[in-house]
Amino acid sequence: MTKTEATAEIPGVLPDALTDFIGYLLRRVFARFSAADGSEGDSRDFLILDALTGRDWESQLDLAERLGINRTIMVGVIDRLEARGEVQRTRNPGNRRQYVLSLTEEGRRALAERRRAVSERDARLTAVLSPEETGRLDTLLARLLPEEAQALVQGSAYLVAQAHHRLRKLGDDKLAGTGLRVRHYGPLSALARSGPIAQQRLADHLAITGPAASQLVDELVKAGLVRRGRDPHDRRRYALELTEAGRAQLGVVAAAVDALAEDISAMLGPGGDTELRGLLVRLLEPEHPGIANSLSVQRG
């Protein structure tokens, strides 16, 4: 994720066409939590220390896969934790190409402090929910993770982050070879409904920053899916509209989004998608007034 993507979302009215998708709502909650929480590196540190509680891990690459952390990033995180004396890395006697990861006494002390901080942060971020609702949120989010990772990830903010990353990958995997990403569905569908429109109007419609909209548009223009023409209402400005290729590819990305929604529903079980959608909307309501009413109208 680029810095522009990480800071893309802004408060405002969210597009009705997207708020029915759990993946989209989860991305917005992830952005809100990230803005309040700070460094993603600190989050990875906690995840690894917490996973090492009560056991050594015979392969750091296996742990990286279970936690959904890129292998290269994982090496850097372990290097940092080892330099602080919180993790010990030793050769695996059964496989000299692997390292066994162990939590040190310093790591246990650091983890205890971070657990308190995590508990306080989660309480702050989920304050609009009751403790019972927060517990239910965590249960549903865990179902979106691989089974082997579910017991390793604790805390609402971490579950939101891990579930967001996994759903984004699952969606993008469905578009492999097309040059498209799930994030392209929003601007393509908006232009199909409302184009030609100015780029700033597109940004406002998607409730994202100008730089984030510019990055998305540049990707789509480069791919030949969107063209920049003159705004018929103001010849000094450019207006965006779909090309014929863009209209065709919108169908491709829409099918991937629908398939991802079906996968999510299956992972959550009967009624789980409706329940999780409602909880995510509650978390977004403070920064996006009216989203709950909008969603109820869509589903009514």
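Predicted model: local features only at pLDDT ≥ 70, side-chain atom pairs only at ≥ 80, totals over all residues.

User: How many helices and strands does the chain have?

Analyst: There are 15 helices and 5 strands in the chain. Of its 300 residues, 44% are buried. As for contacts between residues with a separation of 6 or more, 63% of them involve residues 24 or more positions apart.

User: In what sense do β1 and β2 pair?

Analyst: As a general idea, side chains in a regular strand alternate between the two faces of the sheet. In this structure, β1 covers residues 87-92 and β2 covers residues 95-103; they pair in the antiparallel sense, over 6 bridges. One of the residues to look for is R91, whose bridge partner in β2 is Y99.

User: How should I read the contact of α11 with α12, and at what angle do their axes cross?

Analyst: Begin with the axes. Those of α11 (residues 199-206) and α12 (residues 210-222) come within 9 Å and cross at roughly 110 degrees. Angles of 65 to 115 degrees count as roughly perpendicular, and the two helices α11 and α12 are therefore roughly perpendicular to each other.

User: Which residues of α11 and α12 meet?

Analyst: On the α11 side they are Q199, Q200, L202 and A203, which meet G210, A213, S214 and V217 of α12. The residues of this contact divide into 4 nonpolar and 4 polar, with no charged residue.

User: How many salt bridges does a search of the whole structure find?

Analyst: The general idea is that side chains of opposite charge can pair when their charged atoms come close. Here the search finds 20 salt bridges. One of them joins E86 to R114, with 3.4 Å between the closest N and O atoms. This pair links distant parts of the chain, 28 residues apart: E86 lies in the loop between α5 and β1, and R114 in helix α6 (residues 105-125).

User: Are E86 and R114 buried or partly exposed?

Analyst: Buried means under 20% relative accessible area. E86 has a relative accessibility of 5% and so counts as buried, whereas R114, at 22%, is partly exposed. Both residues also belong to a network of salt bridges that links D45, R80, R84, E86 and R114.

User: Which residue does R228 form a salt bridge with?

Analyst: Its partner is D218, and the closest N and O atoms are 2.7 Å apart. R228 is in strand β4 (residues 226-231) and D218 is in helix α12, so that the pair links distant parts of the chain, 10 residues apart. Each is partly exposed: R228 has a relative accessibility of 36%, and D218 has one of 39%.

User: What is the N to O distance between D122 and R121?

Analyst: Their side chains meet in a salt bridge at 3.1 Å, N to O. D122 counts as buried at 10% relative accessibility, and R121 counts as buried at 5%.

User: Where is R32 found, and which residues is R32 in contact with, leaving aside its neighbours within four places in sequence?

Analyst: R32 is part of helix α2 (residues 22-37). With a relative accessible area of 18%, R32 is buried. Once neighbours within four places in sequence are left aside, its contacts are L125, L283 and E287.

Key. Residues numbered from 1 in each chain as written. Heavy atoms only, no water. Pairing = 2+ DSSP bridges. Helix = DSSP H or I, 4+ residues; strand = E, 2+ residues; numbered from the N terminus. Axes fitted to C-alpha atoms, helices over the stretch in contact; angles between N-to-C directions. Parallel < 35°, antiparallel > 145°, perpendicular 65-115°, else oblique. Contact = heavy atoms within 4.5 Å. Nonpolar A, V, L, I, M, F, W, Y, C, P; charged D, E, K, R; others polar. Salt bridge = Lys/Arg side-chain N within 4 Å of Asp/Glu carboxyl O. Buried < 20%, exposed > 50% of the residue type's maximum accessible area, 1.4 Å probe, protein only.
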